[in-house]
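User: I have a model open and want to learn how to read it. Can we go through it feature by feature?

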Amino acid sequence: MQFIDDAEFQINIDLDQGARIASLIWRDMQFTLPFRGTPVNYGWYGMGPWAGRIRDGLITGENGHTHQLPQIFDPPHALHGFGFTSSWQEIGPGRSLLHLPAPYGGATLEQTIEVLDDAIRWSLEYEPGDCDLPAWLGLHPWFARDLDRGGSAELEFKANKMLQRGSDGLPTGELVKPSTEPWDDAFTEIQGTPAIVWEDVARIDIECDAPWWVVYSEDAEGICVEPQTAPPDAANLGITGEHYIEALFVFSEA
């Protein structure tokens with residue numbers, strides 16, 4: 001476990017459970033969801049070497065060889081990469097490293113979490129080594145809908161375009177006008193700065209230049225706003241993503 005104890009923040013990073021932020025307290029309020037039976041739906045965790053789902057868990061390298069990825073959490077698809085279920089190595093204050101398993105052998109992920117005044121800077125970087133498989137990254141924070149006081153979480157989020165979602169839950173590749181909530185969808189061409197607001201208590205603005213964002217608002221206890229370098233199933237959609245992502249989560253009074 002890594003601990004960051006600041007004047008405003010108390011953060012616990014569980015290295016053995018995906019190097020996730022398992023607890024994030026700001027001004028005595030808990031903003032993360034606790035463990036709810038599966039590593040998919042609690043804490044704040046990085047997604048890599050892929051973010052979201054990959055259809056049937058099949059990934060193909062530059063050499064034309066296709067590999068089967070784990071289909072544990074959303075069969076028959078592969079979900080959210082290896083990072084969130086792995087044990088990471090501490091390499092410095094708020095920094096951790098993961099040597100990825102096959103078929104991404106030789107590649108690594110490095111995560112850095114630090115406090116800057118009233119903000120948290122969170123970054124994730126992928127180094128491919130000799131691995132020729134597609135990779136893209138994302139950040140997956142679970143925001144608690146209800147704190148111990150104030151109103152329930154409300155989402156401030158606008159985008160020009162959304163990927164159409166097929167009957168199997170995966171994007172079809174067609175860009176359409178955003179639908180109304182609730183969402184489990186990928187968006188691009190974001191307008192303004194996404195934020196979560198708890199009326200009369202707190203707000204978190206998410207500053208990130210990621211080209212894609214996934215919003216999941218179908219859960220009664222939490223809401224996810226996830227910047228990503230490419231959308232779910234990117235490799236099968238012909239979309240490539242950067243190997244570095246960084247976001248600033250700015251906390252303020254609402």
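Analyst: Start with surface. Accessible areas come from the Shrake-Rupley method with a 1.4 Å probe. The model here is predicted. The protein exposes about 11000 Å². Carbon and sulfur atoms supply 46% of that area.

User: How many helices and strands does the protein have?

Analyst: The count is 1 helix and 21 strands. The radius of gyration is 17 Å, close to the 18 Å that the globule rule gives for 254 residues, so the protein is as compact as a globular protein of that length. Along the principal axes, the C-alpha atoms fill a box of roughly 55 × 45 × 30 Å.

User: What share of the residues counts as buried?

Analyst: Buried means under 20% relative accessible area. By that cut-off, 53% of the 254 residues are buried.

User: Which residues have the most contacts inside the largest nonpolar core?

Analyst: A nonpolar core joins buried nonpolar residues such as Leu, Ile and Phe through side-chain atoms within 4.5 Å. The largest one here has 74 residues. Those with the most contacts inside this core are Phe31, Tyr104, Phe143, Trp198, Phe249 and Phe251. Strand β15 (residues 153-165) gives the core its largest share, 5 residues.

User: Take Phe249. What is Phe249 in contact with, beyond its sequence neighbours?

Analyst: Leave aside the neighbours within four places in sequence. Phe249 then touches Trp44, Asp118, Ala119, Ile120, Trp122, Pro141, Phe143, Ile204, Asp205 and Ile206. Now look at the whole chain. Of the contacts between residues at least 6 apart in sequence, 61% join residues at least 24 apart.

User: On to charges. How many salt bridges does the structure hold?

Analyst: Side chains of opposite charge can pair when their charged atoms come close. This structure holds 15 salt bridges. One of them pairs the side chains of Arg36 and Asp219, at 3.0 Å from N to O.

User: Are Arg36 and Asp219 buried or partly exposed?

Analyst: Arg36 is partly exposed, because its relative accessible area is 23%. Asp219 counts as buried, because its relative accessibility is 15%.

User: With which Glu does Arg36 form a salt bridge?

Analyst: With Glu221, at 2.9 Å from N to O. This pair also links distant parts of the chain: Arg36 in the loop between β4 and β5, Glu221 in the loop between β19 and β20, 185 residues apart. Glu221 is partly exposed at 45% relative accessibility.

User: Which parts of the chain does the salt bridge of Arg53 and Asp184 tie together?

Analyst: First the distance. The closest N and O atoms of Arg53 and Asp184 are 3.8 Å apart. Arg53 lies in strand β6 (residues 53-54) and Asp184 in strand β17 (residues 184-198), so the bridge ties together parts that are 131 residues apart in sequence. Arg53 is partly exposed at 22%, whereas Asp184 is buried at 17%. Salt bridges that share partners also join Glu8, Arg27 and Glu253 into one network.

User: Now Ser217. Where does Ser217 lie?

Analyst: Ser217 is in the loop between β19 (212-216) and β20 (222-228). Ser217 counts as buried, because its relative accessibility is 7%. Its side chain makes a polar contact with the side chain of Glu181, at 3.0 Å. Beyond neighbours within four places in sequence, Ser217 is in contact with Arg145, Glu181, Pro182, Trp183 and Ile223.

User: Is Trp136 buried or exposed?

Analyst: Trp136 is buried, with a relative accessible area of 1%. Trp136 lies in the loop between β13 (119-127) and β14 (138-144). A polar atom of its side chain lies 3.2 Å from the backbone oxygen of Pro231. Met47 is 89 residues away along the chain, yet the C-alpha atoms of Trp136 and Met47 are separated by 8.4 Å.

User: One more loop residue. What is Gly105 in contact with?

Analyst: Set aside neighbours within four places in sequence, and Gly105 contacts Leu100 and Cys131. Gly105 is found in the loop between β11 (95-99) and β12 (108-116). At 43% relative accessibility, Gly105 is partly exposed. Gly105 and Asp130 are 25 residues apart in sequence and 8.2 Å apart in space, C-alpha to C-alpha.

Terms used. Residues numbered from 1 in each chain as written. Predicted model: local features only at pLDDT ≥ 70, side-chain atom pairs only at ≥ 80, totals over all residues. Heavy atoms only, no water. Helix = DSSP H or I, 4+ residues; strand = E, 2+ residues; numbered from the N terminus. Buried < 20%, exposed > 50% of the residue type's maximum accessible area, 1.4 Å probe, protein only. Polar contact = N/O pair within 3.5 Å; in protein donor to acceptor, adjacent residues only side chain to side chain. Contact = heavy atoms within 4.5 Å. Salt bridge = Lys/Arg side-chain N within 4 Å of Asp/Glu carboxyl O. Rg over C-alpha atoms; globule rule 2.2 N^0.38 Å.
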